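The following note sets out remarks on the structure as numbered points.

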Amino acid sequence: MDHAADAYRTDLMTITRYVLNEQSKHPESRGDFTILLNHIVLGCKFVCSAVNKAGLAKLLGLAGETNVQGEEQKKLDVLSNEVFVKALISSGRTCILVSEEDEEATFVEPNYRGKYCVVFDPLDGSSNIDCGVSIGTIFGIYALENGQEPKLEDVLQPGKNMVSAGYCMYGSSCTVISNTNVVILQFCMMIDPMVSLHAFISQLVISTGSGVNGFTLDPSLGEFILTHPNIKIPKKGKIYSVNEGNAKNWDVPTAKLAYILEDENLMLY
């Protein structure tokens with residue numbers, strides 16, 4: 001991809017334009033799904049902004065609560081969860097919301113209810129934000145039949161039944177440490193539009209059932225632009241990824257597979 005030429009493109013495929021194009025392929029569509037995705041995108045933009053300035057806005061640190069997994073909640077966890085819950089309810093297209101941060105599912109009031117169930121982690125990996133590691137939002141969407149009364153079982157379905165799934169990855173604030181005065185200075189990412197550090201780029205990857213596409217947030221436009229169309233996993237790669245810290249808990253077949261992959265990986269170099 002010619003990034004220099006890309007920087008001056010005028011025919012930009014924004015995520016809104018992409019979703020509308022997909023909607024036009026289904027004449028029976030009423031636009032409910034498009035509206036829902038637009039509200040998810042809005043939530044991602046809000047969380048991205050909060051993550052970028054977390055240090056400056058004093059959003060780092062613990063909130064003094066734990067989530068359903070027993071993990072201590074960060075201030076950003078609580079804020080992100082509130083943002084997404086409100087954005088999804090206000091879309092008027094959801095009926096059940098299941099968040100990792102809430103012990104119980106949220107059933108939307110009938111006046112604001114739609115046919116979609118959304119399961120999400122508003123800010124996965126937030127415990128790493130103090131280290132400047134990328135974090136993100138994960139979401140999946142199920143659809144109910146029109147007129148069906150929502151119940152908890154509607155979200156206890158296999159992933160293959162989802163109508164859409166995706167994640168948005170955020171870069172945290174840039175931290176500069178001065179070893180002269182032992183001072184830590186925190187700056188919001190992308191204060192300077194010329195900054196191009198990959199770790200600070202926010203990317204939204206989504207599938208609506210017809211391939212996987214990646215969009216990158218252009219801070220100057222405030223829009224997610226299609227930058228990685230039709231993402232596919234290579235048939236053969238050079239990298240395998242596994243958490244070997246849990247190796248002692250693996251069963252024998254899993255351990256054998258990991259060792260085989262490790263040996264194959266070493267032979268590639």
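This is a predicted model: local features need pLDDT of at least 70, side-chain atom pairs count only at pLDDT 80 or more; totals for chains, interfaces and linings use all residues.

1. The second largest pocket has a volume of about 490 Å³. Its lining comprises 19 residues, and those closest to the centre of the pocket are H26, E28, S29, F33 and Y116.

2. Of the contributors, α3 gives the most, with 4 residues. Sorted by class, the lining of the second largest pocket holds 8 polar, 6 nonpolar and 5 charged residues.

3. On the chain as a whole, the secondary structure consists of 5 helices and 12 strands. The protein chain has 269 residues, and 35% of them are buried. Among contacts in the chain with a separation of 6 or more, 53% are accounted for by residues 24 or more positions apart. The accessible surface of the protein chain is about 16,400 Å², and carbon and sulfur atoms hold 56% of that surface.

4. How many disulfides does the structure hold? The number is 0. For C44, the closest cysteine sulfur belongs to C168 and lies 4.1 Å away, which is too far for a bond, because a disulfide requires sulfur atoms within 2.5 Å. C95 is likewise in no disulfide, and the nearest cysteine sulfur, that of C117, is 3.8 Å away.

5. Are C44 and C95 buried or exposed? C44 has a relative accessibility of 0% and therefore counts as buried. C95 has a relative accessibility of 1%, so C95 also counts as buried. The cut-off behind both assignments is a relative accessible area under 20%.

6. T16 has its place in helix α2 and is partly exposed, with a relative accessible area of 28%. When residues up to four places away in sequence are not counted, T16 touches N38 and E223. The C-alpha atoms of T16 and L37 are 8.6 Å apart in space, while the two residues are 21 residues apart in sequence.

7. R17 is also found in helix α2. Its relative accessibility is 32%, so R17 counts as partly exposed. With neighbours within four places in sequence left aside, R17 is in contact with D11 and L12. R17 and L226 are 209 residues apart along the chain, and their C-alpha atoms are separated by 9.8 Å.

8. K151 is placed in the loop between β6 (135–143) and β7 (164–170). A separation of 9.1 Å is found between the C-alpha atoms of K151 and C95, which are 56 residues apart along the chain. The cysteine in that pair, C95, is the one described above as buried at 1% relative accessibility.

9. N230 is partly exposed, with a relative accessible area of 45%.

Methods:
Residues are numbered from 1 along each chain as its sequence is written. Side-chain values use heavy atoms; hydrogens and water are left out. On a 1 Å grid over the protein atoms alone, a cavity is a set of points where a 1.4 Å probe fits but cannot get out, and a pocket is an open set with protein on both sides within 12 Å along at least five of seven lines; lining residues have an atom within 4 Å of a point. Grid points are joined across faces, edges and corners, and a volume is the space filled by probe spheres set on the points. Helices (H or I, at least four residues) and strands (E, at least two) are DSSP runs, numbered from the N terminus. Ala, Val, Leu, Ile, Met, Phe, Trp, Tyr, Cys and Pro count as nonpolar, Asp, Glu, Lys and Arg as charged, and the others, Gly among them, as polar. Buried means under 20% relative accessible area, exposed over 50%, partly exposed in between (1.4 Å probe, protein chains only). Contact means heavy atoms within 4.5 Å. Accessible areas come from the Shrake-Rupley method with a 1.4 Å probe; for residues, only the protein chains shown count as cover.
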